[in-house]
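Dear colleague,

Please find below the structure I promised to pass on to you. My notes on it follow directly after.

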Amino acid sequence: MEFFCYHRDRPASAALRDELLEKHWSYMDRYAERMIARGPTFAADGDAPTGSVHIVDLPDAAAARGFAFDEPNYQAGVYRDVLLRRWRNMLGRTMWDFPGGRSGGDRYLVLGLGPGTDDGLTVPADRDELIAYGPLLSDDGVTRVGTAVLLRAPDPDSARAVLAPHRYADVEVHDWQFGGRPS
């Protein structure tokens with residue numbers, strides 16, 4: 001089962017986040033083979049971290065809760081909240097398979113949050129800039145409660161346009177970058 005996990009940073013937690021960086025990476029190393037995508041989000045100025053995205057394939061909801069809440073930054077109080085949802089990988093690839101590579105261009109996390117219409121979700125025709133794309137699902141995996149997208153786009157407004165805003169109660173756009181240990 002695939003899960004989308006977005007840990008949102010608590011204000012003024014950047015120093016603690018930096019202090020725990022190696023513990024965070026070591027923890028995530030345990031899930032490396034199951035990762036679909038990962039990486040931090042940033043404030044619009046590009047400097048201050050605002051959260052951490054992980055899309056991971058895990059055996060069940062209990063394993064996903066363990067993944068999200070045993071994470072060292074969560075345990076230490078870096079994060080203020082966690083969005084944890086079932087997810088479906090509509091591109092059938094990981095971020096490492098993204099043809100655009102790890103660098104070049106601006107990257108974004110776009111979240112379309114429900115309740116919204118559930119009239120089907122299809123991958124946009126121009127999928128070349130999509131890094132990860134799929135529905136956020138209810139705990140039983142049946143009902144779509146939103147959509148999570150990682151993509152390369154020229155600006156936040158272009159990133160937001162990947163989702164039809166009338167389908168969602170709210171659409172969030174966050175600066176995002178590929179995560180993991182530096183090469």
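In helix α3 (residues 61–69), the buried residues are Ala 64, Phe 67 and Ala 68; buried means under 20% relative accessible area, exposed over 50% and partly exposed in between, with a 1.4 Å probe and protein chains only. These residues lie on the same side of α3, because they cover an arc of only 95 degrees around the axis, the arc being that of the directions from the helix axis to the C-beta atoms.

This is a predicted model, in which local features need pLDDT of at least 70 and side-chain atom pairs count only at pLDDT 80 or more, while totals for chains, interfaces and linings use all residues. Residues are numbered from 1 along each chain as its sequence is written, and side-chain values use heavy atoms, with hydrogens and water left out. Helices (H or I, at least four residues) and strands (E, at least two) are DSSP runs numbered from the N terminus.

The cover over the buried residues of α3 includes β1 (2–9), α2 (21–29), β2 (35–42), β3 (49–57), α4 (72–76) and β4 (79–87), where contact means heavy atoms within 4.5 Å. At its N-terminal end, α3 is capped by Asp 60, with a side-chain oxygen 3.2 Å from the backbone nitrogen of Ala 62.

The strands form a closed barrel of eight, in the order β1-β3-β2-β8-β5-β7-β6-β4, with antiparallel pairing; two strands pair if DSSP finds at least two bridges between them.

Strand β1 is largely enclosed by the rest of the structure, because seven of its eight residues are buried. Seven bridges connect β1 with β3 in antiparallel fashion, and Cys 5 stands opposite His 54 in β3. With β4, β1 pairs in the antiparallel sense over eight bridges, and Phe 4 stands opposite Arg 85 in β4. Elsewhere, antiparallel strands β6 (residues 130–137) and β7 (residues 144–153) are joined by seven bridges, with Leu 137 opposite Arg 144 in β7.

The largest nonpolar core has 20 residues, of which Phe 4, Ile 55, Trp 87, Leu 109, Leu 111, Leu 150 and Trp 176 touch the most other members. Such a core is a set of buried Ala, Val, Leu, Ile, Met, Phe, Trp, Tyr and Cys residues joined through side-chain atoms within 4.5 Å. A second, separate core of 14 residues includes Val 110, Tyr 133, Val 162 and Tyr 168.

Yours sincerely

Terms used
Polar contact = N/O pair within 3.5 Å; in protein donor to acceptor, adjacent residues only side chain to side chain.
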